[in-house]
Amino acid sequence: MRVVIAEDAVLIREGVARLLVDAGIEVVGLAGDGVTAERLVGELGPDVAVLDIRMPPGGATEGVRVAQAIRGRPGNHTAVLMLSQTSDAGTVMQLLADGAEGVGYLMKDRVADVDALVDALHRVARGESVLDPVVVGELMRARREPPVVAQLTLRERDVLSLMAEGRSNRAIGERLAVTDKTVEAHVASIFSKLGLEPAVDDHRRVLAVLAHLQAR
Amino acid sequence: MLNPSTPRAGAWLGLRWQRAAARASGAWPQLLLVPAAIYIGLLVERELVPATTGGIDQFGYQTLQVWVLGNAVVGWSTVAAGLIAWFRRPDEPGGRILTAAGFAWFLGAASWASSDGGAFQGYYILLVSALVLTYPSGRIGSRAGRVILAVIALTLAVSTIGHLAVQQSGFAASCDPSDPTCLPAPVTALSEEIPGANLYNLMDSVFRLVLGLATAGVLAVMLRSFGASSGPNRRVLVPAVAMAAALAAAVVLAVVRRSTGLDESLADTLLAAVIIALALLPQAFTWDLLRGRLARGAVADLVVRLAEPAKHDDLGVALRRALGDPSLAVLTWSPDGRTYLDEAGHPVELPREDVAHAVTRLTSDVGPVGALVHDPALRARPDLLGSVSAAAAMAIDNRRLAAEVQARLEDLQASRARIVAAGVEERQRLERDLHDGAQQQLVALAIALRVARGRVDAAAQPELARSLGDASERAAAAIVELRELARGIHPPALSEAGLSAALDSLAARAPIPVTVEASLPKELPPAVATTAYFIVAEALTNVSKHAEADRAHVHAEVVAGRLRLTIDDDGRGGADLSRGSGLRGLADRAAALGGSLSVTSRQGHGTRLLAEIPCAS
């Protein structure tokens, strides 16, 4: 897998690169700012662009801008994994506005967990969605309507969180140590309780769930 | 040049009628005394004319004519002056005493003319003495005055009882009072053949002598206090001294005339003069009372007017009215203490005094506060000018102090807002520094440790591998802690995504369900947004800590340039702003930005926290 890393802090940029290289991932380009990142991605066409959210020249949400630019290119096949120092649901929704396919959002401290990082890279490269559990946790609690989530059973809430993180049914089943059939039953129940249309793709499911959680 | 007297008189009359109208409702009983006085006067005249005819032998016709005519004039004049003063100055005893003196005058005349032989003569003297001695303070100033009044009162009482007793004993019964030809004889005419006549005549002489001495004493007391006073106070005493002099002259003249053979024509002239004085002096008295009152009334009006803040700019108007001088100009001493300013605020030189302009400087204990440029005629009323100047100085000084306080308040408010804004900026900088510095370093460290851990052969060096793994986990934990710390210093969402989003993330982290309803412009002044954020954060912390609430609701909107925040919960209530130091500090911050914070919390009815912060941007 070929990856471009954009991060303005040299230590982190080099560290992440070394981590990925050690994990057997090919790091084809390093960028210290959003503009370079955009250019490198255009030139190299990597499988995944790992983007810091706060970068020069745009500052606080430069990463989101670069992500939108990359994903907006015709025939784009580069997935995007955002790294953020803070969990911010608003930025996440902005990021997912163009669809959740091949998009990930991880907290920066998660990077030290190399397995999680590599797993996330592979998943977004496959077109799945990845959301950091910290962000999902916030969304789960940030209900504006009468708390529909409260109607869910504890197990259903676990399933909902994992769905929001972008996990497939199989991954959910593995995590919770239940069969796929059981997961499907939970998902069907959650969708009917939340009043959502059943979604086929995992990433559409993420969007539906997130949209529901974010809905005003 | 303006004629100063005309407008002043106009204002004077205007005020007079205004006051008269205001007072009229409570004055009707006093007005009833007017017909009473007229009636009594006529009655006494009717008695007096036949009575005096008996004295033609003794006094001469001309004397009696003067006496009869003067009698009525003095009585009516005194009653009239007394009633006017009473009507216009019910709070001062002068009017009542003067009115009573008028009636006492009639009583004395009637008594003289009737068959009681003058038992009730002389009370006029008592009352006029009292009036003179109590003027203008309403109290008797000297011990001598009190002694003299007591002597007069005692003498009169003894005389009245004596007269009545003599009459009761039948000594005047030689003549039937119902017989029109029976003339009540002046005391000297009493025949010595009548028993007790000697005693009576002695008593009568003593009585007159004592009264003569007493009135001379009153005059002496008045002259002494006249000599002891100066300036306006001395001027005020003039009618009282004149009155005392006329009274003493009248009494002494009567005594002298009775005991010696004074030249008749000289005596008549003196008597006429005294009677004219006694008729005119009450008017002078009343005039002076009213003028004094006018001055005091004008000053009182002025002070009341100046006390109304809305009328502040009308200082010139109020002063022109109080002094009745339309040419008056008020100059104020400039705040920088170098020049005078006119009413429009332009610097002016203090004008030189001339026939049309007089200058009265106004000072306070800190130095000059201003000046009045006015008609020189006002110098004749030093008391009025003095009081008005004092009031004006006070008003100008007050206004200066108020402006100073206002300016300082504004300075203070601005500096408080600046301090809060600086604090917010500082927090933002700190958060950025943490993000760009320590946090980045920690992340890099965690990654480096992780890389090192990955490169160690776990089978060959299991301990090192475990140590590196632990270290990288601890670094990750430190990152999380630092992130929370940075968020507490300044929430990054606030500067990145705005207050609405930051409130959402606050609600998301709250341990109880919190709904947020926010319709806010993206751009709010940072100090306002940050203060609002921390108010909501503190409120939600309190709700989850103390309120035992099931849910809370946050509402935020901008109405008329003010950010309005409400945080409601359904908890047990009973919260108090003064108890939570966290909220107290936030209330201070809101106040520093010109806003407010209040808590409504009834026991068992939840809590509502309402904050308003101006955010005109």
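**Where two chains meet**

Me: In which handedness of crossing does α1(A) pass α13(B)?
Reply: This is a predicted model. In it, the crossing in which α1(A) passes α13(B) is left-handed.

Me: Which residues of α13(B) make the contact with α1(A)?
Reply: From α1(A), the contact involves L11(A), I12(A), G15(A), V16(A), R18(A), L19(A) and D22(A). On the side of α13(B), the residues are Q440(B), Q441(B), V443(B), A444(B), I447(B), R450(B), V451(B) and R455(B).

Me: What is the strand order of the six-stranded open sheet in chain A?
Reply: The pairing in this sheet is parallel. Its edge strands, each pairing on one side only, are β2 (26–31) and β6 (129–131) of chain A. On average, neighbouring strands are turned by 20 degrees against each other, direction ignored. The order is β2-β1-β3-β4-β5-β6.

Me: What angle does the direction of helix α2 of chain A make with that of β2(A)?
Reply: Helix α2 takes up residues 34–44 of chain A and packs on the sheet. It touches β1 (2–6), β2 and β3 (48–52) of chain A. Its direction and that of β2(A) make an angle of about 145 degrees.

Me: Which strands are at the edges of the five-stranded open sheet in chain B?
Reply: The order of this sheet is β6-β7-β8-β10-β9, and its pairing is mixed. Neighbouring strands are turned by 10 degrees on average, direction ignored. The strands that pair on one side only are β6 (514–519) and β9 (596–601) of chain B.

Me: Which residue in β10(B) is opposite V599(B)?
Reply: β9(B) and strand β10 (residues 607–614) of chain B pair over six bridges in the antiparallel sense. V599(B) has opposite it, in β10(B), L609(B).

Me: What percentage of the residues in chain A is buried?
Reply: Chain A has ten helices and six strands. Of its 216 residues, the buried ones make up 56%.

Methods: Residues numbered from 1 in each chain as written. Chains lettered and ligands numbered in written order. Predicted model: local features only at pLDDT ≥ 70, side-chain atom pairs only at ≥ 80, totals over all residues. Heavy atoms only, no water. Pairing = 2+ DSSP bridges. Helix = DSSP H or I, 4+ residues; strand = E, 2+ residues; numbered from the N terminus. Axes fitted to C-alpha atoms, helices over the stretch in contact; angles between N-to-C directions. Contact = heavy atoms within 4.5 Å. Buried < 20%, exposed > 50% of the residue type's maximum accessible area, 1.4 Å probe, protein only. Left-handed = near helix turned anticlockwise from the far one by under 90°.
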